[in-house]
Amino acid sequence: MKKSEVPQDKSSLDKVQVKELCYAVDDQGKYTTELSSGWEPKSIVQHETLKLLQERIEQSKLDVKDGLVSPIVYFMELHRMDWSTLGAYMNRWVWRIKRHAKPSVFKKLNQRTLQRYADIFDINVEELKNYKGD
């Protein structure tokens, strides 16, 4: 795209006055960079993605409250992680991490494992163990 065509639409980043660096072609046909304040299609996708993430967080909160999953699921969603990411941080197989999402298994986790989860989620062990979806 030409330098003069770089989108300058309203963005969700307008409030913090952040500009995105884009590549464009100048009048001489050479690649150069140009700052963009936003692009409406991208802003729409970002907004919908954030909305979906918030819905997942709220659902995991309800699932913890109803006793369907352990607090690990809520904190994983809150920190925008998936099973593979959490497994990598814990240095454990994903199937083991998923097992820990069961309330009955979670209650039996040892202090060391709970501490590892708490460190990853940047909370203390008591917050992790006592989270009830409130």
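Phe-75 is buried, as its relative accessible area is 7%, where buried means under 20% relative accessible area, exposed over 50% and partly exposed in between (1.4 Å probe, protein chains only). The model is predicted, so local features need pLDDT of at least 70 and side-chain atom pairs count only at pLDDT 80 or more, while totals for chains, interfaces and linings use all residues. Residues are numbered from 1 along each chain as its sequence is written, and side-chain values use heavy atoms, with hydrogens and water left out.

**Aromatic residues**

- The structure has 5 aromatic pairs, a pair being two rings of Phe, Tyr or Trp (its six-membered ring) with centres within 6.5 Å; planes under 30 degrees apart count as stacked, over 60 as edge-to-face and the rest as tilted.
- Tyr-74 and Phe-75 make an edge-to-face pair, with 5.0 Å from centre to centre and 70 degrees between the planes.
- Tyr-74 has a relative accessible area of 10% and is therefore buried.
- Tyr-117 and Phe-121 make a stacked pair, with 6.2 Å from centre to centre and 15 degrees between the planes.
- These two residues, Tyr-117 and Phe-121, are 4 residues apart in helix H6, which means that about one helical turn separates them; helices (H or I, at least four residues) and strands (E, at least two) are DSSP runs, numbered from the N terminus.
- Both Tyr-117 and Phe-121 are buried.
- One aromatic cluster is formed by Tyr-74, Phe-75, Tyr-117, Phe-121 and Tyr-131.

**Salt bridges**

- There are 3 salt bridges in the structure, each defined as a side-chain nitrogen of Lys or Arg within 4 Å of a carboxyl oxygen of Asp or Glu.
- Lys-51 pairs with Glu-48, and their closest N and O atoms are 4.0 Å apart.
- Helix H1 (residues 40-65) contains both Lys-51 and Glu-48, which are 3 residues apart, about one turn of the helix.
- Lys-51 is partly exposed at a relative accessible area of 42%, and Glu-48 is partly exposed at 42% relative accessibility.
- Arg-56 and Glu-77 form a salt bridge through their side chains, at 2.9 Å from N to O.
- Because Arg-56 lies in helix H1 and Glu-77 in helix H2 (residues 71-78), this pair ties together parts that are 21 residues apart in sequence.
- Arg-56 is partly exposed, with 41% relative accessibility, whereas Glu-77 is buried, with 10%.
- Lys-61 and Glu-58 also form a salt bridge through their side chains, at 3.9 Å from N to O.
- Lys-61 and Glu-58 are both in helix H1, 3 residues apart, about one turn of the helix, and Glu-58 is partly exposed at a relative accessible area of 35%.

**Surface charge**

- A patch of positive charge on the surface brings together Arg-96, Arg-99, Lys-102 and Lys-108; patches are made of residues with over 30% relative accessible area and no salt bridge, like charges being joined within 9 Å and nonpolar side chains (Val, Leu, Ile, Met, Phe, Trp, Tyr) within 5 Å.
- Lys-108 sits in the loop between helix H5 (103-106) and helix H6 (111-121), and Lys-108 is exposed at 72% relative accessibility.

**A contact in space**

- Lys-10 belongs to the segment before strand E1 (20-25) and is exposed, with a relative accessible area of 71%.
- From C-alpha to C-alpha, Lys-10 and Trp-39 are 6.8 Å apart in space, and 29 residues apart in sequence.

Terms used
Accessible areas come from the Shrake-Rupley method with a 1.4 Å probe; for residues, only the protein chains shown count as cover. Lys and Arg count as positive and Asp and Glu as negative; His and the chain ends are not counted. The place of a charge is taken as NZ of Lys, CZ of Arg, CG of Asp or CD of Glu.
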